Amino acid sequence: MMITSTQDLQAACARFARADFVTVDTEFLRETTFWPKLCVVQIADAEGPVVVDALAPDIDLQPLFELMANEAVLKVFHAGRQDIEIFHHLAGLVPHPVFDTQVAAMVLGFGDSISYDQLVQRTAGVTLDKSSRFTDWSRRPLSEEQITYAIADVTHLRTVYAKLSADLERRGRAEWLVEEMEVLTSPATYRADPEDAWQRFRSRVRKPRDLAVLMEVAAWREREAQGRDVPRSRVLKDDALVEVAMRAPKTVDALGALRTFPRGYERSRAGQDILEAVARGLERDPASLPPIDRERGATPASGATVELLKVLLRMIAEQNAVAAKIIATADDLERIASDDDADVPALAGWRRELFGQRALSLKAGTLALALERGRVVAVERDPSSDEPLPAPQRRKRRGGGERRSEEPAAASAD
């Protein structure tokens, strides 16, 4: 069913409002704009799918927005962050409640960021035709191939959701996903505040002056890109932005002499705006600046600590059939190596129970890693003892003071 009128959209959304859940996907363009341009919305319930032409003349998408905000209907997406961002931008709302099948698949051990077609193949045994993925969704009329592609993105998603949801309940991991969905449905996740734009580059500055200039120039670029609705790189590329922050040019000639700065751009209105942003940054009070991330890995032992944490993470991920990426990131491991109280997801909630607490035990010396028949195992130990770590096989027979941490057997992702 192709929807091109507000009346038909109202009727479809009234039907969807009676469903327990609906599957949702969008097709949009963003190559030449800052904000995504919504072209098509696909929705399906147990009765079947509809395709909404978001570019149809005079169509009012308000019934769709009301459905997205309906707390009685679960919205199922796959890798839904960009889809949710569109609704947040167009209607100022975040769909809720939400179930993201890509995140659920990571919790269930399907690997890091599995694609939709791979997940459909593994759960439903269906091979999808993805040849229409990169077509121009703004052109009208839509082709039959495009409509078929759009429908497949939500029809098979119903089967995927049913299987993943049941598996989460069976393995007692439904609450894990609830924690992840709280982040995905937080308005803060989609807030593009120009004053926060510098955060993307915070690891690349080491001096207060550089940070102050970066904050001003990044905020200027963000406002300019949003106001003109163009990609950030169309205003100023990342490398040029960082070089401006590090060099802090005060004159047109100094700005034009930067290696990464576009030739001639320094004499444009944008060039003058950048120099003014640099001046504002240099005038900032250093005491008002946020703390700078100090370079990690400064001590000789920290690099080895991070490597041990990586081994522990991989061991736990494999034994529990969970994607390592969703348990802890590389940045999490570096921060844990430097600080037992690091404010990272890996030290909170289900992640702390599964991995974080054992990571701290490894750092404290009360947990060690050993090999048993070619597999890495965790061994609880007394750090005050000078005795060498016993072989895992011998420890198992004798029942010594140091014992292996028992791990649950890995469950099949399929």
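**Note on the predicted model**

1. Start with a helix pair. Helix α8 passes α12 in a right-handed crossing. From the α8 side, the contact is made by Arg-209, Ala-212, Val-213, Glu-216, Val-217, Trp-220, Arg-223 and Glu-224. From the α12 side come Arg-269, Ala-270, Asp-273, Ile-274, Ala-277, Val-278, Arg-280, Gly-281 and Leu-282. The two axes come within 8 Å and cross at roughly 145 degrees. Helix α8 covers residues 208-228, and α12 covers residues 269-283. Keep in mind that this is a predicted model.

2. Now the record for this region. UniProt, in an unreviewed entry, places the feature "domain: HRDC" at residues 207-288. In the model, that span is 67% helix and 0% strand. Its end C-alpha atoms lie 14 Å apart.

3. Next, the sheet. Six strands form an open sheet with mixed pairing. Their order is β1-β4-β3-β2-β5-β6. The edges are β1 (2-3) and β6 (98-100); each has a single partner strand, so one side of each is left without a neighbour in the sheet.

4. Within this sheet, β2 (residues 21-29) pairs with β3 (residues 37-45). The sense is antiparallel, over seven bridges. Helix α3 (residues 81-91) lies across β2, β3, β5 (74-77) and β6. Its direction is about 80 degrees to β2.

5. Val-52 is worth a look. It is found in strand β4 (residues 48-53). Val-52 counts as buried, at 0% relative accessibility. Beyond its neighbours within four places in sequence, Val-52 is in contact with Ile-3, Leu-9, Cys-39, Val-40, Val-41, Ile-59 and Leu-61. Met-1 is 51 residues from Val-52 in sequence, yet the two are 8.5 Å apart in space, C-alpha to C-alpha.

6. Cys-13 is buried, with a relative accessible area of 7%. Cys-39 is also buried, with a value of 0%.

7. Strands β7 (residues 367-372) and β8 (residues 375-380) pair in the antiparallel sense over six bridges. Ala-370 stands opposite Val-377 in β8. The two strands form a hairpin with two residues between them. Arg-373 in the turn has a positive phi of about 55 degrees.

8. Check the cis peptide bonds. One joins His-96 and Pro-97, with omega about -5 degrees. Pro-97 lies in the loop between α3 and β6. Another runs from Arg-140 to Pro-141, with omega near 5 degrees. Pro-141 is in the loop between α5 (116-124) and α6 (144-170).

9. Check positive phi values too. Ser-113 is not a glycine, but its phi is positive, about 55 degrees. Ser-113 sits in the loop between α4 (101-107) and α5. Ala-248 has a positive phi near 50 degrees and is likewise a residue other than glycine. Its place is the loop between α10 (238-247) and α11 (252-256). Is Ala-248 buried or exposed? At 6% relative accessibility, Ala-248 counts as buried. Ser-113 counts as partly exposed, at 33%.

How values were computed:
Residues numbered from 1 in each chain as written. Predicted model: local features only at pLDDT ≥ 70, side-chain atom pairs only at ≥ 80, totals over all residues. Heavy atoms only, no water. Pairing = 2+ DSSP bridges. Helix = DSSP H or I, 4+ residues; strand = E, 2+ residues; numbered from the N terminus. Contact = heavy atoms within 4.5 Å. Axes fitted to C-alpha atoms, helices over the stretch in contact; angles between N-to-C directions. Buried < 20%, exposed > 50% of the residue type's maximum accessible area, 1.4 Å probe, protein only. UniProt positions renumbered as here; feature names shortened; annotations may be inferred. Left-handed = near helix turned anticlockwise from the far one by under 90°.
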